[in-house]
Amino acid sequence: MTQTPTAPATPTARKGGGGARPPRAGSRRPGWTPWLYLAPALVVLAGLLVYPVYQLGLISVLEYTQAQVSGGEPTTFQGLGNYRTLFTDPRFWQVLSATVVFAVLCVLSTLFVGCALAVLLTRVRALPRLALLVASLGAWATPAITGSTVWMFLFDADFGPVNRLLGLGDFSWTYGRYSAFALVLLEVVWCSFPFVMVTVYAGIRAVPTEVLEAASLDGASQWRIWRSVLAPMLRPILLVVTIQSVIWDFKIFTQIYVMTDGGGIAGQNLVLNVYAYQQAFASSEYSLGAAIGVVMLLVLLAVTLVYLRLMRRQGEEL
């Protein structure tokens with residue numbers, strides 16, 4: 001009788017093997033591999049971001065005016081002296097408060113217009129939807145200085161068509177403080193709402209249609225559907241566009257500088273970015289301008305940290 005030979009025991013059948021292959025000699029853990037891939041980008045970021053921020057902070061603690069730039073006087077260390085001068089100046093706090101209020105109004109207006117048009121895109125047919133998207137993307141792609149110049153022409157006191165349509169005669173929108181801020185706000189919303197609209201529209205399209213149909217069958221109005229159904233589901237997206245809008249609108253420069261001719265009459269329409277430019281280049285107080293830049297950097301950094309914390313909390317809840 002012939003016996004079938006048994007196969008030799010495999011390494012996985014050994015006692016304590018557990019089916020795991022022992023690590024090979026000389027193998028390295030891939031801990032540094034991701035950093036090697038990120039190294040070129042980190043080098044570029046260090047050159048374009050870290051070094052300028054370092055120079056900004058350095059100038060803010062020095063006495064750095066036109067005399068130091070031309071070499072007529074030596075540069076001296078001031079410590080927190082520039083910040084002390086800045087924080088004891090009532091003009092700085094006035095400009096800071098105006099910047100915060102203006103940024104908040106711009107953000108709220110941009111979110112309202114962008115979200116309303118995003119909902120509208122889901123209600124119209126293909127051809128009107130395409131026309132609205134093309135027009136909005138055209139506004140988004142227009143450079144800030146070009147858009148500001150066009151809006152200045154539209155609202156010009158002598159030749160602007162808006163005053164003629166509204167019957168305002170030779171009313172100057174840039175003469176008064178609040179009317180000038182309102183004009184700049186309209187231009188900022190015009191060039192900013194497409195980002196909110198497209199982002200929110202993409203989020204709405206990702207919501208299951210069964211959820212919206214169920215809300216409609218229950219008799220919910222469009223406002224109730226947005227408030228009770230869409231807004232909670234789009235909370236991460238709304239958070240992203242809100243933080244992005246805050247960062248963009250807080251550091252606005254071009255629209256204010258172009259449309260109010262450098263900050264308005266007697267500086268009545270100044271915001272922090274324009275104020276820093278005036279201190280640094282118009283008054284040659286480069287150290288004060290750098291100090292204002294550091295303050296803006298810290299404010300935006302705080303907003304970014306809040307954004308990251310909220311996003312982390314959203315991820316944990318999901």
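Ser 179 sits in helix α8, and that helix is a handy way into this structure. This is a predicted model, where local features need pLDDT of at least 70, side-chain atom pairs count only at pLDDT 80 or more, and totals for chains, interfaces and linings use all residues. Residues are numbered from 1 along each chain as its sequence is written, and side-chain values use heavy atoms, with hydrogens and water left out.

**Overall picture**

- The protein has 14 helices and two strands, where helices (H or I, at least four residues) and strands (E, at least two) are DSSP runs numbered from the N terminus.
- Of its 318 residues, 34% count as buried; buried means under 20% relative accessible area, exposed means over 50%, and partly exposed is in between (1.4 Å probe, protein chains only).
- Among contacts in the protein with a separation of 6 or more, 66% come from residues 24 or more positions apart, a contact being heavy atoms within 4.5 Å.

- Helix α8 covers residues 177-206, which makes 30 residues, and reaches 43 Å from its first C-alpha to its last.
- That is close to the 44 Å expected at 1.5 Å a residue, with the expected span being 1.5 Å times one less than the number of residues.
- There is a bend in α8 of about 40° at Ser 192, with a proline, Pro 194, following within four residues; the bend is the angle between axes fitted to the seven residues ending at a position and the seven starting there.
- Back at Ser 179, the residue counts as buried because its relative accessibility is 16%.
- The Ser 179 side chain reaches the backbone oxygen of Trp 173 at 2.7 Å. A polar contact is a pair of N or O atoms within 3.5 Å; within protein, one must be able to donate a hydrogen and the other to accept it, and residues adjacent in sequence count only if both atoms are side-chain atoms.
- Setting aside neighbours within four places in sequence, Ser 179 is in contact with Phe 171, Ser 172 and Trp 173.

**Buried residues elsewhere**

- Val 271 is in the loop between α12 and α13, and it counts as buried because its relative accessibility is 1%.
- The C-alpha atoms of Val 271 and Leu 96 are 6.9 Å apart, although 175 residues separate the two along the chain.
- Not counting residues up to four places away in sequence, Val 271 touches Val 95, Thr 99, Phe 181, Ile 252 and Ile 256.
- Gly 147 belongs to helix α6 (residues 144-154) and is buried, with a relative accessible area of 1%.
- With neighbours within four places left aside, Gly 147 is in contact with Thr 142, Glu 187 and Trp 190.
- Ser 245, in helix α11, is buried at a relative accessible area of 3%.
- Ser 245 touches Val 107 and Val 196, residues up to four places away in sequence not being counted.

**Positive phi**

- Most residues other than glycine have a negative phi.
- Asp 261 has a positive phi of about 60° although it is not a glycine; this residue lies in the loop between α12 (254-259) and α13 (272-282).
- Ser 284 is another non-glycine with a positive phi, near 60°, and lies in the loop between α13 and α14 (286-317).
- Asp 261 is exposed, with a relative accessible area of 72%, whereas Ser 284 is buried at 17%.

**Pocket and cavity**

- Both are found on a 1 Å grid over the protein atoms alone: a cavity is a set of points where a 1.4 Å probe fits but cannot get out, a pocket is an open set with protein on both sides within 12 Å along at least five of seven lines, and lining residues have an atom within 4 Å of a point.
- Grid points are joined across faces, edges and corners, and a volume is the space filled by probe spheres set on the points.
- The largest pocket has a volume of about 530 Å³.
- Its lining has 21 residues, of which Val 119, Thr 122, Ile 204, Trp 226 and Leu 230 lie nearest the centre.
- The elements giving two or more residues to that lining are α4 (90-121), α8, α9 (209-217), α10 (222-233) and α11 (235-250).
- The count of cavities of 30 Å³ or more comes to one, and the largest cavity has a volume of about 40 Å³.
- The largest cavity is lined by Arg 91, Gln 94, Val 95, Ala 98, Arg 177, Gly 267, Gln 268 and Leu 270.
- Helix α4 supplies the largest share of that cavity lining, four residues.
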